[in-house]
Amino acid sequence: MTTAPRATVRLTVSQATVRFLAAQWSERDEQRSPLFAGVLGIFGHGNVAGIGQALLEHEHEADGRPGLPYILARNEQAMVHTAVAYARQKDRLQTWACTASIGPGSTNMLTGAALATINRLPVLLLPSDTFATRPSAPVLQELEHPCAADISVNDAFRPLSRFFDRVNRPEQLPPALLGAMRVLTDPAEAGAVTIALPQDVQAEAYDWPAELFHDRTWHVARPPAEASRLAAAADLVRRARRPLIVAGGGVHHSEAEAALTALAERTGIPVGETQAGKGSLLHGHPRQMGGIGSTGTTAANALARDADLVIGVGTRWTDFTTASRTAFQHEDVRFVNINITGFDAGKHAGLPVVADAREALTALTGALDGYRVDPAYEKRQAELWHSWNEQVEAAYDPPPEVTGRLADGVLTQATVLGCVNELTDPRDVVLCAAGSMPGDLHKLWRVRDRKAYHVEYGYSCMGYEIPAALGIRLADDTRDVFAMVGDGGYLMMPTELATAVQEHLKVVVVLVQNNGFHSIGSLSESLGSQRFGTRYRYRSAGGRLDGPDLPTDLAGNARSLGAHVVEARSRAGLAEALAQAKAWPADGGPFVIHVRTDPHVPAPGSDSWWDVPVAAVSRLGTTQDAHAAYTGHKKAQRPLLAPAAGRGSDGAPTERPGNQS
């Protein structure tokens, strides 16, 4: 019997890669979407004749309507941020691929790779590599390692990626691509995925099996909770007197907001939120206590101090969330960790419930039928929230004794945030990543839609805001996005404003100028370092950076990149600028609002702490005082190692010490 020859398609490695990516789909809850929205890139030697040529050919074959469009970015790190923000806005079901030239072009993506992996967000990186055949080594921008000739700068991606491969021969491409797709669509493994492509291999031709390019759908799973773990968790909740839920980013990724709301409403258990989980319950819900931890509300942190059971849902338990392990002070506090990854579920010696957040919360609500916290506990929640809400109102609209100390044309940062919050639509997205504003947003922002709060605080990367705004707008052009960025972050990466102009993307940038690093300045002062090196100033005749403020024209810089700029010098002026921004055409490109603030007027405190070590020995009195305060705070740190109760071998719940009433 004669076997028919297998159909093949002759393409370069790059052409095969592009064609493969265009045929990949993701599916969850019977909703199917293209896995890749397109490719972001900057061409140079290494990819201009490889991936670049393949994308050009793909565009021509699609008759001007490419299934995998290409967007020219201005900075390699920035384009990864754009892809990551897009993936987060799409609940990790869609993303972009990013391509860069060899050497500095590719290594510029390293920061973006770290950010993606830390935040558990999928992005595909295609860094170009030096020649696999080495005909003329060393080539321009090649790192020579004297002990290993096969090492390149792209090996730096290995610890930053959830999957890494290098395609040195065409035959290696199919398993590399399939392995990459597996990780990108696994919610427990999501992060940066890197396939390094040597520049000669990118252009090499090969006869590929035609089935490699057939449409392929990757199912995104919702694993349920194991029955015994769920029962043990329910037992712990029923025996707790002051339980507290901490909602993390996994609530949003799994679209579990409704399930969390149902659990909180039926049980009366209050909810504190991490930065990634903010908006899990919407503003005004009686169980919503706002941000928790170092940048949290006094309401959530007061409940955290007394909680005897903490139910973490989709959280990594970072130091900001736990206030460097000082937030939870009950002597018998135990943890239940609902997480899709066993790595995160096992933290703080908690009872691990490894499952999809929506599935686990729905099942836990059923297992707690008839349970509700004591009415006195619900009353305390209401009192704490009312007190905090009054502080927020006073921060949004500060009294004359505060405004009277401000220079002409200068506002408080809280006033700026309050004005933007009140004058934008509920579905509009607020975006931030670094500086003092993430902390203020975590405390003060009132979230009115599940997708309306986007603060990157896993890596807290300066410069994330403007490129990420592009990603959010590409993901959903029915929402306006307001990128809140300080002058420090703006100066790190303003260039994607030019990309927004190029793509006619309406993004609103609220550029807050305070002539330096507001957050680090405040931190420096609290640590006894007197805000040293945190202001944008001339060097004085004495050799120190303590001269007049630099005359940096950030509004003029934004204009030079093609953005429309309005300078607001009062609260009324800011309100007018926001009205103009809302009326700005959808295809009008970037709209920048420049406003000055006073970095010495803080937002309300969180009654919390963050562990940043202070110099143990110093001749400065400010540092000596700060170290004494630091030593006092360290005494409140806890190891959080007490195991949660589980079930014994006979299936009966085991006891835990304390709280036996």
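Me: Which residues does Ile338 touch, not counting those up to four places away in sequence?

Reply: In this predicted model, Ile338 touches Ile311, Gly312, Val313, Gly314, Val353, Ala357, Ala360, Leu361 and Leu364. A contact is a pair of heavy atoms within 4.5 Å.

Me: What makes Ile338 part of a nonpolar core?

Reply: A core joins buried nonpolar residues through side-chain atoms within 4.5 Å. Ile338 belongs to the largest such core, which has 63 residues. Along with Ile311, Phe328 and Val336, Ile338 is among those with the most contacts inside this core. The largest share of the core, seven residues, comes from α14. Another core, of 53 residues, lies apart from it and includes Ala73, Ala116, Val123 and Ala563.

Me: Why is Ser324 called buried?

Reply: Buried means under 20% relative accessible area. Ser324 has 5%, so Ser324 is buried. Its place is in the loop between β15 (309-313) and β16 (334-339).

Me: Why does Glu255 count as partly exposed?

Reply: The class runs between the cut-offs of 20% and 50%. Glu255 has a relative accessibility of 30% and therefore counts as partly exposed. Glu255 lies in the loop between α9 (249-253) and α10 (257-267).

Me: What makes the phi of Glu255 worth a remark?

Reply: Most residues other than glycine have a negative phi. Glu255 is not a glycine, yet has a positive phi of about 55°. Ser324, also a residue other than glycine, has a positive phi near 55°.

Me: How do you know that the peptide bond from Ala137 to Pro138 is cis?

Reply: Omega for this bond is near -5°, and the bond is cis. Most peptide bonds are trans. Pro138 is in the loop between β7 (123-129) and β8 (163-166).

Me: What makes a space in this structure a cavity, and how many are there of 30 Å³ or more?

Reply: A cavity is a space where a 1.4 Å probe fits but cannot get out. The structure holds five of 30 Å³ or more. Among the 16 residues that line the largest cavity, His283, Trp385, Lys443, Trp445 and Arg446 are the closest to its centre. α14 (375-396) gives the largest share of this lining, four residues.

Me: Which classes of residue line the second largest cavity?

Reply: That lining has five nonpolar, one polar and four charged residues. Its residues include Arg28, Asp91, Arg92 and Asp186. The second largest cavity holds about 50 Å³ of space.

Note on methods: Residues numbered from 1 in each chain as written. Predicted model: local features only at pLDDT ≥ 70, side-chain atom pairs only at ≥ 80, totals over all residues. Heavy atoms only, no water. 1 Å grid on protein atoms, 1.4 Å probe; cavity = no way out; pocket = protein on both sides within 12 Å on 5 of 7 lines; lining within 4 Å. Points joined across faces, edges and corners; volume = space filled by probe spheres on them. Helix = DSSP H or I, 4+ residues; strand = E, 2+ residues; numbered from the N terminus. Nonpolar A, V, L, I, M, F, W, Y, C, P; charged D, E, K, R; others polar. Buried < 20%, exposed > 50% of the residue type's maximum accessible area, 1.4 Å probe, protein only.
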